[in-house]
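Please open the model in a viewer and keep the selection panel at hand. The stops below are given in the order in which they may be selected.

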Amino acid sequence: MRIKLPPSTQNWLSLIGITIALISLFMIIFLITISQLFLTKGNYLGLFIYIVLPSFMIGGLIVIPIGMLIKRKSMKKTGIRPDGWPIINLNDSRYRNAFFIFTIGTTILLFLSAIGSYQAFHLTESIEFCGTFCHSVMHPEYVAYNNSSHARVACVECHVGSGVGWYTKSKLSGLHQIIAVITNSYEKPIPTPIEDLRPARETCEQCHWPGKFYPNTIRHEKHNLPDKENSEWDIHLRMKIGGAIAAKGFDNGAHWHINSKVKIEYYAAGNPNEEIDWVRYTNLNNGKEIIYTKDENPLKENPENEKKIIEMTCIGCHNRPSHNYLAPFDFIDQVIATGEIARELPEFKSMTLDIFDNEFTSMDTAATLIRTTINNFYEEEYPEIYSSKKEIIDKSIKGLIETTSKNIFPIMKASWKAYPNNIGHLNYPGCFRCHNNEMVSEDEEHVISKDCNICHTILAQGNPQNLMMGNINSQLPFKHPGDVEEDEWNENLCSDCHDGLNPQ
Ligand code: HEC
Ligand code: HEC
Ligand code: HEC
Ligand code: HEC
Ligand code: HEC
Ligand code: HEC
């Protein structure tokens, strides 16, 4: 049977359009069938089925009428066709065929594209898409994310949130990012704080509302000192997240800052993860304000800076809820605790820490450096151990390489150096950006305190064989390990000496 069509359809352009559209349609149907039957997670395939192929199909369909128009024009010139609009005469079988093909085709297309765009929406919201599409770019965040307590929370829950407005906004900025990836013009490491991150109120607070009371919790930290024995040094802290008892609510403790009666704002001339220069505390009950500064008030000097004031939200402290890159000092401790690195290898910690002073160009060079440094060290310094405990050395090398690959990402330059964690104060300024005894109110009556007991109390500390103990209601004064005296550790910020490697 021959389907007759209007003469204007007989042109090369429309023919090409029809071919492209048909091939795309068949490929889409074919791939959907395959992915439904055989694949559980078709991440890249989804990209083809719902984004790439439909674009080709629509492109092909657009070309068909363009070809017909051009053809009509040339037919008019040669006088075959009269002027004016085409006459659609349904009694003429050619026009009838064209009409039915067009209407039925369009209906099917619209139906498919409705399903397609819904699938495309889901695809671009999926963790696989966010975490693996630009594989090397998002690799560090994806790995850290999978090791975090939010590994089951979709990327978009924190980065986009709900609502059409933020969806379009994020897809537009995503487009700009895709161009940056294709042209390789993005920054490494990706700079933070992220400026257009959706406010915590609309993301974190969807799951953790600020009114949720968290009581005090006990933290048990295990460290190993950079000495010959890699001696263990433990610290047990009672963290004052909320008040000591639930009835006290948020009147004190770390979550006081997000209390509904309190508003904290800050301004930083440089990177707010490093240093804060101005803080305003507003008591929302009585409207009273206290402004704390180090020396001069940077906002009085230049009122333009008002625009850079940041309100303290969850992310002011929890800026690494999902992508925390541990420093070598800490990730080595973790792996010693699990037994994957043997504590019995003398000087293991202090010797391996120096490796991380290097900038690696790739994970392979890092692995090679780790392997050769450790082997050479024991071969030269402890030949007996090197020959008798080769297996343990090999296992520890493996453990160290593995943990390194979860925390340091040479290609994207992502590591503890690039991404400070603002909770705490050991390796980064963190809480001490404000709590440093130097941020003072104008009348000098108030100071943001560095008192070691306002945020936590120490319940026990020291080597587990010889642990100094307090009890649950009392607190121990902090004892710094080694021979660092109080006038040294207390006069500086901890992070002045603790840079994630060997503390100086
Ligand atoms: C629990 C919330 C949360 C989830 C889930 C989450 N992120 Fe993030 N992400 C953040 C926060 C907070 C920041 C840091 C913001 C800042 O410092 O300005 C961030 C930062 C980033 C950055 C900037 C670079 C960096 O390391 O700071 C990238 C890229 C990123 N996230 C990608 C992802 C991807 C991909 C996923 C999913 C695999 C994901 N995020 C899941 C909260 C989240
Ligand atoms: C979709 C829900 C969801 C969103 C959005 C979310 N979280 Fe969580 N978060 C959770 C769940 C569930 C847990 C508990 C995990 C557990 O108990 O192991 C958790 C645990 C935490 C913890 C305690 C564990 C830890 O890692 O220290 C913190 C802190 C936290 N979230 C902060 C945040 C911040 C900050 C944001 C916003 C950037 C955020 N969360 C966004 C669901 C969410
Ligand atoms: C942007 C500045 C800023 C940062 C960063 C900051 N704080 Fe505060 N904090 C304040 C101010 C201001 C006060 C009130 C000081 C006063 O009493 O005059 C305060 C008070 C407190 C209090 C005492 C509440 C009470 O009355 O019992 C605790 C506990 C606390 N902060 C914990 C933390 C912890 C933990 C961190 C880090 C995770 C932190 N803060 C980071 C500004 C800050
Ligand atoms: C001033 C700093 C600060 C701010 C702002 C802050 N937190 Fe926290 N939060 C802390 C500290 C400190 C802890 C205890 C962490 C630890 O033990 O390491 C904590 C613990 C938590 C925990 C874990 C509780 C548990 O039982 O382990 C969750 C969940 C949490 N915060 C969520 C939030 C959310 C959501 C927001 C914003 C609404 C927020 N925090 C704002 C400092 C802060
Ligand atoms: C403004 C609040 C605040 C003040 C003041 C403060 N700390 Fe902390 N400190 C924290 C938080 C929060 C953590 C937990 C960090 C984390 O979750 O990793 C912490 C952790 C610690 C740890 C355990 C670190 C680790 O990784 O094992 C020690 C030790 C410590 N603090 C000592 C001190 C000493 C000594 C002082 C007094 C000079 C002090 N802190 C003052 C908030 C504070
Ligand atoms: C003057 C430099 C200096 C300052 C400041 C300093 N430390 Fe240390 N810290 C060291 C050195 C050096 C070691 C290693 C001690 C050893 O070899 O036994 C160390 C080790 C530690 C350890 C045991 C292992 C580890 O690093 O986790 C803890 C915990 C610690 N310091 C906490 C703190 C805290 C908390 C502060 C701030 C209140 C602080 N230090 C300030 C130099 C310093």
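This is a predicted model: local features need pLDDT of at least 70, side-chain atom pairs count only at pLDDT 80 or more; totals for chains, interfaces and linings use all residues.

Residues are numbered from 1 along each chain as its sequence is written, ligands are numbered from 1 in the order in which they are written, and side-chain values use heavy atoms, without hydrogens and water.

**Ligand 1.** Select ligand 1 and the 23 residues that surround it, a residue being near if one of its heavy atoms lies within 4 Å. Cys155, Cys158, His159, Ile194 and His323 are the closest. Among the polar contacts (pairs of N or O atoms within 3.5 Å), the side chain of Glu141 places an N or O atom 2.6 Å from a ligand oxygen. Arg320 brings a polar side-chain atom to 2.8 Å from an oxygen atom of ligand 1. Helix H5 (135-146) and helix H6 (155-159) each supply at least two shell residues; helices here are DSSP runs of H or I with at least four residues, and strands are runs of E with at least two. H5 gives the most, with four residues.

**Ligand 4.** Next, select the iron atom of ligand 4, which His255 and His318 coordinate through NE2 at 2.0 Å; donors are N, O and S atoms within 2.8 Å of the metal (3.2 Å for Na, K and Ca). His255 lies in the loop between S2 and strand S3 (262-267), and His318 in the loop between helix H10 (314-317) and helix H11 (328-338), 63 residues apart. His255 counts as buried because its relative accessibility is 17%, whereas His318, at 39%, counts as partly exposed; buried means under 20%, exposed over 50%, and partly exposed in between, with a 1.4 Å probe and protein chains only.

**The sheet.** Now select the five strands of the open antiparallel sheet, ordered S6-S3-S4-S5-S7. Strand S6 (310-311) and strand S7 (440-441) are at the edges with a single partner strand each, so one side of each has no neighbour in the sheet. Strands pair if DSSP finds at least two bridges between them; S5 (residues 289-293) and S7 have two. Zoom in on Tyr292, which stands opposite Ser441 in S7.

**Ligand 5.** Finally, select ligand 5, surrounded by 22 residues, with His223, His425, Cys452, Cys455 and His456 closest. His223 has a polar side-chain atom 2.6 Å from a ligand oxygen. A nitrogen atom of ligand 5 lies 2.7 Å from a side-chain N or O atom of His425.

Terms used
A polar contact is a pair of N or O atoms within 3.5 Å; within protein, one must be able to donate a hydrogen and the other to accept it, and residues adjacent in sequence count only if both atoms are side-chain atoms.
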